[in-house]
Amino acid sequence: MLDKMEGLRRTHYCTQVGEEQIGQTVVVCGFTQRARDLGNLVFIDLRDRTGLLQLAFDDTSDRGAFEKAGTVRSEDVLMAKGVVRKRESVNKELKTGTVEVFVTDLRILTKAQTPPFEILDDSNVKEELRLKYRYLDLRRGKLQRNMRLRHEVARVTREYFYQNDFLELETPMLMRSTPEGARDYLVPSRVHHGSFYALPQSPQIYKQLLMISGFDRYVQLARCFRDEDLRADRQPEFTQIDVEMSFVDMDDLLAMEEGYVKYLFEKLMGVEIATPLPRLTYREAMERYGSDKPDTRFGMELQDISETVKEIDFVVFQNALQAGGSVRAIVAKDAAGALTRKEIDKLTETAKGIGAKGLAYIRWVEDKPACSFGKFLKEGELEAILERLGCQKGDVALVMADRDSVVLPVLGALRLTIGKKLGIIPEGWNFLFITRFPFFEKDEETGEWVAMHNPFTMPMDECLPLLESDPGAVEAKAFDLVLNGIELSSGAIRINDPALQKTMFERLGMTEEEIAQKFGFLVDAYQFAAPPHGGFGLGLDRLAMLMAGAENLRDIVTFPKVQNASELMSGCPSPVEQADLDVLAIRVAKEED
């Protein structure tokens, strides 16, 4: 017969019990982490969301409580009343390691079956099993701390933006499907057969409409949905800190966002973030680091050696330069011991896997450096390359020649791989803004120009004359916030001129009919005057993941999806009855053999 709670109410969470409570009577409750029956002594480690507390029983205990303690097993749910006293055996690993509760009343509220795995922080259990039993996995202290941190991030976020006069407004979860970059999750309408709502990829259009409505400072912790391939820092549903402001320019937006991260990290991490945050243009970031989200905590910057090698009779270099490409390199200092020929071969395969045709190298171990293209060099040419790169004995240089669209990102990826392998990336919080993104990027398959951010982004003023003549040179009033090489947010100043917005739609190849169909309501709204405005969306889950030191977004989301966008615990997505589909006038096509 299970016990009831009657007559007892919790007075303390486990880690609220300390030496200042010695001699007091407390009531605690939670799950059993471990029970140890030593004959005339029984100890139970009680666990709640704050941590562990030891319950003690001996031969002077109430007989009923003592006998009941001997039946307790892992994960049983308990409530205990007792007197706080000093522990004889101190556990320095626990916050409550100097005290224990000598129990006078023990209630076993629920008995647990043997769990499929032990509830431990350092668990070697396969993730698939943990996700199948996610409600048990979430009992682990590590995940409990992560979820509490995520809660604190949300709380402090609201605190900061409320203090800065933002209104928290909600936008619809069922909206019109609009082109946002990823595939929409569609929701069929029961009333309007053949028509669909879309779950929002972001509240982009609605927050612009709110600026037109006169709510000049908007914030929302918005749920967003994107049907795209998953990776460690991506989930199909996520929370975005969504911000929009009127009567602002780029500097206002950047100041508001850097003020937010400074406030957040001081409040929750006790870390002073120096502001203003560093800024790099998109072109600078790509040229120096081969990435639009660079980790600048370490050097190993990309170097352009095209001028140095332009006369070298090596067909790989010459073909790249004649095609308008470049020859670039990175130098790993004092890495010749770690980057053996075998390791360089692995790096070459990695480079080929992400688009490179090959990888040349200079590895300086002996008095004379080994150069993979040495047979093509005349006297003095290798020395000139070494001098240009600052490459010395003990170093390794990796060299690539191709179009910049290949060379830059491949060397950028190798830079990160080598930095991690060599252990040269220091700890710390490396925030920076990337600004002046290209407005357009060319679709490799169709050859058409598409918006790199979204079609509502304002071009730089000086780029307006280039919209027709040189779209590839047009830069946007757009920015990203990057932390330790991970993109946290994207933002921009928006177009508020209806004529310019129409021009941008047309430049993206949209017809009048397409513009009216996809954005007609927004175009109509702009006819009634829109203030200058802009904003940004910052990934709350991704930010909390970094702050928690987690390696995967799944460690910061309560019930996450896996690689194929399924949720292992509930088994979604799942088929539904045809009768339910009939109401929606939907019939699922059978897969062809």
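Start by selecting R283, M286, E287 and Y289 in helix 7, which meet L408, P409, G412 and R415 in helix 12; contact here means heavy atoms within 4.5 Å. This is a predicted model in which local features need pLDDT of at least 70, side-chain atom pairs count only at pLDDT 80 or more, and totals for chains, interfaces and linings use all residues. Residues are numbered from 1 along each chain as its sequence is written, and side-chain values use heavy atoms, with hydrogens and water left out.

**Helix 7 on helix 12**

Now show the whole of helix 7 (residues 282–289) and helix 12 (residues 404–422): their axes come within 8 Å and cross at roughly 60 degrees. That angle makes helix 7 oblique to helix 12.

Helices (H or I, at least four residues) and strands (E, at least two) are DSSP runs, numbered from the N terminus. Axes are lines fitted to C-alpha atoms, for helices over the stretch in contact, and angles run from 0 to 180 degrees between N-to-C directions. Angles under 35 degrees count as roughly parallel, over 145 as roughly antiparallel, 65 to 115 as roughly perpendicular and the rest as oblique. Ala, Val, Leu, Ile, Met, Phe, Trp, Tyr, Cys and Pro count as nonpolar, Asp, Glu, Lys and Arg as charged, and the others, Gly among them, as polar.

**Helix 10 on helix 12**

The axes of helix 10 and helix 12 come within 10 Å and cross at roughly 140 degrees, which makes helix 10 oblique to helix 12. The crossing is right-handed; in this scheme a crossing is left-handed if the near helix is turned anticlockwise from the far one by less than a right angle, and right-handed if clockwise. Pick E343, L347, T350 and A351 in helix 10, and you will see them meet V410, L414, T417, I418 and K421 in helix 12. This contact divides into 5 nonpolar, 2 polar and 2 charged residues.

**Helix 14 and helix 15**

Next, move along to helix 14 (residues 498–507) and helix 15 (residues 512–526), whose axes come within 11 Å and cross at roughly 160 degrees. The two helices are therefore roughly antiparallel to each other. Helix 14 contributes P498, K502, F505 and E506 to the contact, while helix 15 brings E512, I515, F519, V523 and Y526. By class, this contact has 6 nonpolar, no polar and 3 charged residues.

**The second largest pocket**

On a 1 Å grid over the protein atoms alone, a pocket is an open set of points with protein on both sides within 12 Å along at least five of seven lines, a cavity is a set where a 1.4 Å probe fits but cannot get out, and lining residues have an atom within 4 Å of a point. About 620 Å³ of space lies in this pocket; grid points are joined across faces, edges and corners, and a volume is the space filled by probe spheres set on the points. Strand 1 (25–37), strand 2 (41–48), strand 3 (51–58) and helix 4 (141–163) each supply at least two lining residues, and helix 4 gives the largest share, 5 residues. The lining divides into 5 nonpolar, 7 polar and 13 charged residues.

The whole structure holds 2 cavities of 30 Å³ or more. To find the second largest cavity, select T171, P172, M173, P200, P203, Q220, A222 and R223, which line it. Its volume is about 30 Å³, and its lining has 5 nonpolar, 2 polar and 1 charged residues.

Most residues other than glycine have a negative phi, and most peptide bonds are trans.

- Zoom to E75, in the loop between helix 1 (63–69) and strand 4 (77–86), where phi is near 75 degrees, a positive value.
- Go to P276, in the loop between helix 6 (250–269) and strand 11 (279–281); a cis peptide bond joins T275 and P276, with omega about 5 degrees.
- Finish at P573, in the loop between helix 16 (540–548) and helix 17 (578–583); the peptide bond from C572 to P573 is cis, with omega near 0 degrees.
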